[in-house]
Amino acid sequence: MKVLVDGDSPRNPADSQFEMEGWVDLAPFEKLVGMSIIEACDGRAVLTMPFVVKLSQGGGFLHGGALTALADTAAAMAVKTCLPVSTPFATRNLSMRFLAPVRQGTVTAAATVKQIDGRRYLVHVDLQDDQDHAVAEFTADFRLLRPATGVCGDAESLVAPAKPKTEGRY
């Protein structure tokens, strides 16, 4: 990823202010908090993020928002591996269950696409500290903004019959 302007510039969607090096790549925010992609293929993604002081909450633990951002990014990367390049999609719903505080080290988020139902992708993410302790569980519901022309490598078993649209604008 290359930032083409001062990173503190207001976002202007009409201008090309940054370039991603590929479909599965980190955006400016994800780079800012130190995320790294370890693996991303076939409906699965593993990302890490170091716990640095600027990600602390008032009690000195890793901020829950930072953990949630890591989980959501890992989930999105897993979905991206199932789709043709540039297929637009968005997180519609997410749920984070915190299990233990992170006091130091690196957090790993392992995301797996669990179900594909028409334009809806359901993803589960397990988050662990560098001592292999579970620190959180995350689930998310993603929605394609238009139908995709391909699916995950071996995701046929994940595909459920399409249902009529009954929810929101996505």
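**Aromatic rings, stop by stop**

Select Trp23, Phe89 and Phe142: ring pairs link them into a cluster. The model is predicted. The count of aromatic pairs comes to two.

Start with Trp23 and Phe89. Their rings form an edge-to-face pair, 6.4 Å centre to centre, with 80° between the planes. Now colour by secondary structure. Trp23 lies in the loop between strand E2 (18-19) and helix H1 (28-32), while Phe89 belongs to strand E5 (residues 89-98). This pair links distant parts of the chain, 66 residues apart.

Stay on Phe89. Is Phe89 buried or exposed? Its relative accessible area is 17%, under the 20% cut-off, so Phe89 is buried.

The ring centres of Phe89 and Phe142 are 5.8 Å apart. Why is this pair edge-to-face? The planes of Phe89 and Phe142 meet at 70°, and over 60 counts as edge-to-face, so the pair gets that label.

Phe89 is in strand E5 and Phe142 in strand E8 (residues 134-144). They are 53 residues apart, and again the pair links distant parts of the chain. Phe142 is buried, with a relative accessible area of 1%.

Last stop: return to Trp23 and select Lys80. What sits over the ring of Trp23? The charged end of Lys80 does, 4.6 Å from the ring centre.

Conventions
Residues are numbered from 1 along each chain as its sequence is written. This is a predicted model: local features need pLDDT of at least 70, side-chain atom pairs count only at pLDDT 80 or more; totals for chains, interfaces and linings use all residues. Side-chain values use heavy atoms; hydrogens and water are left out. Rings of Phe, Tyr and Trp (its six-membered ring) pair if their centres lie within 6.5 Å; planes under 30 degrees apart count as stacked, over 60 as edge-to-face and the rest as tilted. Helices (H or I, at least four residues) and strands (E, at least two) are DSSP runs, numbered from the N terminus. Buried means under 20% relative accessible area, exposed over 50%, partly exposed in between (1.4 Å probe, protein chains only). A charge sits over a ring if NZ of Lys or CZ of Arg is within 6 Å of the ring centre and within 35 degrees of the ring normal.
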